[in-house]
Amino acid sequence: MSHLVILPILVPLFGSMMILFAKILNHKAQQFLSLLTVIVLNVVNIIALLKVLDSNTLVYQMGNWEAPFGITFVLDGLSVTMLLVTSLLSIGSLWYAIKSKVDGEGISFHVLFQLLIFGINGAFLTGDIFNLFVFFEVLLLSSYALALHGNGKKRVRFGLHYMIINLVGSVLFLFGIGAMYGVLGTLNIADMAVRVSELTPQNQGVVAASGLLLLLVFGLKAAMFPLYFWLPGTYSNTSAPVAAMFAIMTKVGIYSIIRVHGTIFGPLAGDLSYYYVPWVLGLGLITLILATIGIMSAKTLKEQVAYFVLASAATLQISIGINSTIAMSGAIYYLIQSTFIAGGFFLLADTIGTLRGEFKDKIVRSPKFKSIVFVGGLFFAYAIAISSMPPLAGFLGKTMILYGGLESPYMGVVFSVMIISSLLMIIALAKTGSLIFYDTQDSQESINITLPDKIYSPIIYLFSISFVLVLFANSVTNFTLKSSQEIFSTKEYISKVMQEKRDD
Amino acid sequence: MEILIALCIAFLTSGGIFLILKSRTFSVILGLMMLSYAVNVFLFAMGRLHIDKPAILQKGVTEYADPLPQALVLTAIVISFGMTAFLIVLSLRARKELDSDHVDAEGLEKNRGEKS
């Protein structure tokens, strides 16, 4: 049994401890340790990816306790992708935090940052629904503190909203877990999938209801309608590197729906097989429509990007709702790209806000500002990427999702909503770009604020990942297709997790 | 006993929901606490209700209470305790910074402006 599976959880945990002790040294030591931890984490994740490419799913039983009784961690194609996306994104976010000196605004930024990664990685690896709850709480607690990092009245106000709604979500999560445990008698996801297939008809209702309760909780994390109202306020008012890191948080919800519901209510579940799918599809479509309206009506660039995060989450919800291998593989591909681009866009919006002085990132006319051509070029590149236009990866991802949607009975609605919303997004971005960069008030004196050149490197770095995704599109899509086949063949997942006890 | 426990959970939950829908942070916190108490009792009940049965293996005993929900409840209590502590600190800070204990403090300022 390889201990590799647990390393992505342990590295940030020990990293955060070390940073906590490094507080007595100085701030530089903390920054160094934080970067070191993230780089080590990336190396571990790349090794894990190679291992998964080699031997498919890896299962780790904590302390060699047998599968349904112990704590299980599962590393498969989907989870290793999510791990790598998180760690690559965290490099960009951390880099920007250090360059823009955001990390110096409070004493524990780096500790909280590592604990956030710890929680996210744990949620991606666990094969146990109660541990999913625990890791959710870990990542939420550090995210509450990170969202409030720095100062500002709005930050406190929206932080309070964010925290209260997530606490209600946690309570509902426990109700869902409790009701499921009461009927199924187990908390291991693979074992639960087996028990659901053997369920008597009179118990099906309870399990279906608690499954929907869990969907509500994951939908809250994934910002599914009607539970997305916390997202734009929280994301657009927190500091830029934290907002960039939060781009992965909605994906945690998406991942949980794919993992928990896709396995427990998978093809083996009999009457309950994929009963949640129409809910996800319908709510995802409504979310996408509302996100598009939000994008068009946003008053600041950060708010607009926050609505773009919402739109990408909605696109992923729709692709879960289409429920086919191709759509799922497109969804994983789109997820990788949209996370990096949304993260980078938050950073870019922050630099634009700084450069424009008192105009901040408001979408209004302003006098010219420094390095307007360069920043405008970056904005153009990001705008193409985030609105899923060719030649970048978002376009390929969306095309794959739509190609999968051809088989769906709701093809007409899916196609019209996705394509019209894409068009409206492009129009909104064109308006934003022309107001900020073209339509400047030339008669007035230009704004004279400069930023060090190094601050743009994390933004370019995050964008380049999207570019690499296109260059190696064939091998990446082969991998995502394989991962999505794994998601749909729950039998293999179950036998892998439950098998392990016979090997030992 | 079943009816008593069920009523207990029902009252706690409904009280909690009523309180979190109020607009002051203090009652919202109380509501969240009541909800977490309700869910703790609920988790206990999900291991089925037993009287006088051991949870740990003993000689000569054939019927046991389910030990897992008890462990789950312990975890849930610890987590909700920590979260409540954090929330109280946060709402105190919000009270200080926004000068109001309304969850949507800006809206309140507007109303106050109209009155005066």
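A:Asp350 forms a salt bridge with A:Lys302, with the closest N and O atoms 3.3 Å apart. A salt bridge here is a side-chain nitrogen of Lys or Arg within 4 Å of a carboxyl oxygen of Asp or Glu. A:Asp350 sits in helix H14 (residues 325–355) of chain A and A:Lys302 in helix H13 (residues 301–322) of chain A, so the pair ties together parts 48 residues apart in sequence. Helices are DSSP runs of H or I, at least four residues, numbered from the N terminus.

Buried or exposed? For A:Asp350, buried, at 17% relative accessible area. A:Lys302 is buried too, at 13%. Buried means under 20% relative accessible area, exposed over 50%, partly exposed in between (1.4 Å probe, protein chains only).

A word on the source. This is a predicted model: local features need pLDDT of at least 70, side-chain atom pairs count only at pLDDT 80 or more, and totals for chains, interfaces and linings use all residues. Residues are numbered from 1 along each chain as its sequence is written, chains are lettered from A and ligands numbered from 1 in the order written, and side-chain values use heavy atoms, leaving out hydrogens and water.

Now chain B. B:Glu97 forms a salt bridge with B:Arg93, closest N and O atoms 3.3 Å apart. Both lie in helix H3 of chain B, four residues apart, about one turn of the helix. Over all chains, the count is eight salt bridges.

How many cross the interface of chain A and chain B? The contact (heavy atoms within 4.5 Å) takes 30 residues from chain A and 33 residues from chain B.

Note on methods
Helices (H or I, at least four residues) and strands (E, at least two) are DSSP runs, numbered from the N terminus.
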